[in-house]
Amino acid sequence: KKKFIKIMKKTHVPNFYYNIEGTGRDDERFYLNKDEHGWNVYYAERGCKTTNKYFNSESEALEYICKRLTE
């Protein structure tokens with residue numbers, strides 16, 4: 001998580017574009033949650049999940065979010 005946050009700051013991605021703490025409302029941003037299926041990354045938009053992917057590790061999930069936000 002520290003490396004992810006460092007990259008986000010370096011590339012000037014505002015922290016309101018993501019929530020990697022697994023808490024909060026479904027504002028328009030990427031979310032990272034751990035559940036029984038693995039690490040879930042989704043993008044919430046107007047209360048709907050428009051992206052919903054699962055990863056085996058937290059680092060894979062964070063890499064996915066990083067790639068989506070820095071492209």
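I looked up strand β3 (residues 38–45) and found it mostly covered, with six of its eight residues buried (buried is under 20% relative accessible area, exposed over 50%, partly exposed in between; 1.4 Å probe, protein chains only). Strands and helices here are DSSP runs, numbered from the N terminus (E, at least two residues, for strands; H or I, at least four, for helices). I note that this is a predicted model, in which local features need pLDDT of at least 70, side-chain atom pairs count only at pLDDT 80 or more, and totals for chains, interfaces and linings use all residues. Residues are numbered from 1 along each chain as its sequence is written, and side-chain values use heavy atoms, without hydrogens and water.

I then checked the pairing of β3 (two strands pair if DSSP finds at least two bridges between them). Strand β2 (residues 29–35) runs antiparallel to β3 over seven bridges, and a hairpin of two residues joins β2 to β3. D35 has G38 of β3 as its bridge partner. On β4 (residues 48–55), β3 again pairs in the antiparallel sense over seven bridges; V41 stands opposite K53 in β4. In the hairpin of β3 and β4, R46 takes a positive phi near 55°.

Finally I searched for salt bridges (a side-chain nitrogen of Lys or Arg within 4 Å of a carboxyl oxygen of Asp or Glu) and counted two. K1 and E58 form one at 3.6 Å, N to O. This pair links distant parts of the chain, 57 residues apart, with E58 in helix α2 (residues 58–70). R29 and D27 meet at 3.5 Å, N to O; R29 is buried at 17%, whereas D27 is partly exposed at 27%.
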